[in-house]
Amino acid sequence: HEVAKAWNNESACVGMTVGGLSHHLLAQAGHVVSGLDTPPSSEPPIALLDHYARADWVTAGHDDEANASIRVRADDSATDGHATVLAQAARSLAHLPEVLGAPRSPDSVYIPWQGWSLTTDDFLATRAMEVVVHSDDLAASVGVPTPEFPDNVIEHVVHLLCGVALRRHGQEALIRTLSRPQRAPGSVAAF
């Protein structure tokens with residue numbers, strides 16, 4: 001209800017509406033369905049952290065094309081309103097059990113918007129990270145509590161975020177942030 005009322009307002013993700021953020025969040029189920037419904041790639045998968053090292057949006061500035069285009073596409077996809085976005089998400093969610101239960105051989109999921117492949121587990125970790133992070137963004141956007149996720153999901157997402165942060169900021173910064181806040185740098189954000 002809060003999301004529908006705020007649909008056209010700016011979200012906690014500056015430059016993206018609540019509707020655009022909602023679409024981006026809910027589209028993750030569609031990405032899983034389309035990724036796993038596509039035959040496995042013959043291209044060998046890259047490592048999960050290499051995926052984030054290669055992805056332009058990770059190190060691009062807020063207004064750089066890599067990030068601005070994500071916001072524009074999300075906002076454009078939300079213009080038909082919350083009912084349409086929810087209906088699209090419901091269709092994707094209905095197909096998730098089928099695609100998640102299907103074996104893949106070779107175990108490789110091609111990511112067309114990036115141009116490389118990941119293993120199924122790594123691909124699902126990227127989508128889980130998007131869901132967890134953007135669920136918090138959406139909750140902050142409309143003033144509701146952040147949803148709680150199962151421990152096994154959060155453990156994978158935190159591991160992923162720490163791995164990206166470690167590569168970006170180094171051991172000292174990450175260790176100090178996690179254990180000695182008095183000596184911590186200003187930020188060790190993964191993205």
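Me: Which residues does Val157 touch, not counting residues up to four places away in sequence?
Reply: In this predicted model, Val157 touches Ala128, Met129 and Val132. Val157 itself sits in helix H8.

Me: Why does Val157 count as buried?
Reply: Its relative accessibility is 2%. Buried means under 20%. The value falls under that limit, so Val157 is buried.

Me: How far is Ala140 from Asp50?
Reply: Their C-alpha atoms are separated by 30 Å. Along the chain they are 90 residues apart.

Me: Why is Gln114 called buried?
Reply: Gln114 has a relative accessible area of 19%. The limit is under 20%, so Gln114 is buried. This residue is in the loop between E1 and E2. Leaving aside neighbours within four places in sequence, Gln114 is in contact with His51, Ala55 and Trp57.

Me: And what makes His23 buried?
Reply: His23 has 16% relative accessible area. That is under 20%, so His23 counts as buried. His23 belongs to helix H2. Beyond residues up to four places away in sequence, it touches Ala74, Ser77, Ala78, Val85 and Gln88.

Me: Let us follow H2. Why are H2 and H7 called roughly antiparallel?
Reply: The axes of H2 (residues 18-37) and H7 (residues 120-142) cross at roughly 165°. Angles over 145 degrees count as roughly antiparallel. The angle passes that mark, so H2 and H7 are roughly antiparallel to each other. Their axes come within 9 Å, and the crossing is left-handed.

Me: Which residues make the contact of H2 with H7?
Reply: On the H2 side they include Leu21, Leu25, Gln28, Val32 and Leu36. On the H7 side they include Phe123, Leu124, Arg127, Val131 and Leu138. By class, the contact has 10 nonpolar, 9 polar and 3 charged residues.

Me: What makes H2 roughly perpendicular to H5?
Reply: H2 and helix H5 (residues 65-77) pack at an angle of about 95°, with their axes 7 Å apart. Roughly perpendicular covers 65 to 115 degrees. The angle lies in that range, so H2 is roughly perpendicular to H5. H2 brings Gly20, His23 and His24 to this contact, and H5 brings Ile70, Ala74, Asp75 and Ser77. They divide into 2 nonpolar, 4 polar and 1 charged.

Me: At what angle do H2 and H6 cross?
Reply: They cross at roughly 35°, and their axes come within 8 Å. The crossing is left-handed. Among the H2 residues in this contact are His23, Leu26, Val33 and Leu36. The contact of H2 with H6 divides into 12 nonpolar, 6 polar and 1 charged.

Me: Leu36 keeps turning up. What does Leu36 contact, leaving aside its neighbours within four places in sequence?
Reply: Leu36 is in contact with Val99, Leu100, Arg104, Val109, Thr120, Phe123 and Leu124. It is also one of the residues with the most contacts inside the largest nonpolar core.

Me: How many residues does that largest nonpolar core have, and which have the most contacts inside it?
Reply: The core has 27 residues. Those with the most contacts inside it are Leu36, Tyr52, Leu96, Phe123 and Leu160. The elements that give it two or more residues include H2, H6, H7, helix H8 (151-169) and strands E1 (109-111) and E2 (116-118).

Me: Which residues does the second core include?
Reply: Met16, Leu25, Ala74 and Leu138 are included in it. This separate core has 9 residues.

Me: Last stop, the loop between H6 and E1, where Pro106 is found. Is the peptide bond from Ser105 to Pro106 cis or trans?
Reply: That bond is cis, with omega near 0°.

Technical notes. Residues numbered from 1 in each chain as written. Predicted model: local features only at pLDDT ≥ 70, side-chain atom pairs only at ≥ 80, totals over all residues. Heavy atoms only, no water. Axes fitted to C-alpha atoms, helices over the stretch in contact; angles between N-to-C directions. Helix = DSSP H or I, 4+ residues; strand = E, 2+ residues; numbered from the N terminus. Parallel < 35°, antiparallel > 145°, perpendicular 65-115°, else oblique. Left-handed = near helix turned anticlockwise from the far one by under 90°. Contact = heavy atoms within 4.5 Å. Nonpolar A, V, L, I, M, F, W, Y, C, P; charged D, E, K, R; others polar. Core = buried A, V, L, I, M, F, W, Y, C linked by side-chain atoms within 4.5 Å. Buried < 20%, exposed > 50% of the residue type's maximum accessible area, 1.4 Å probe, protein only.
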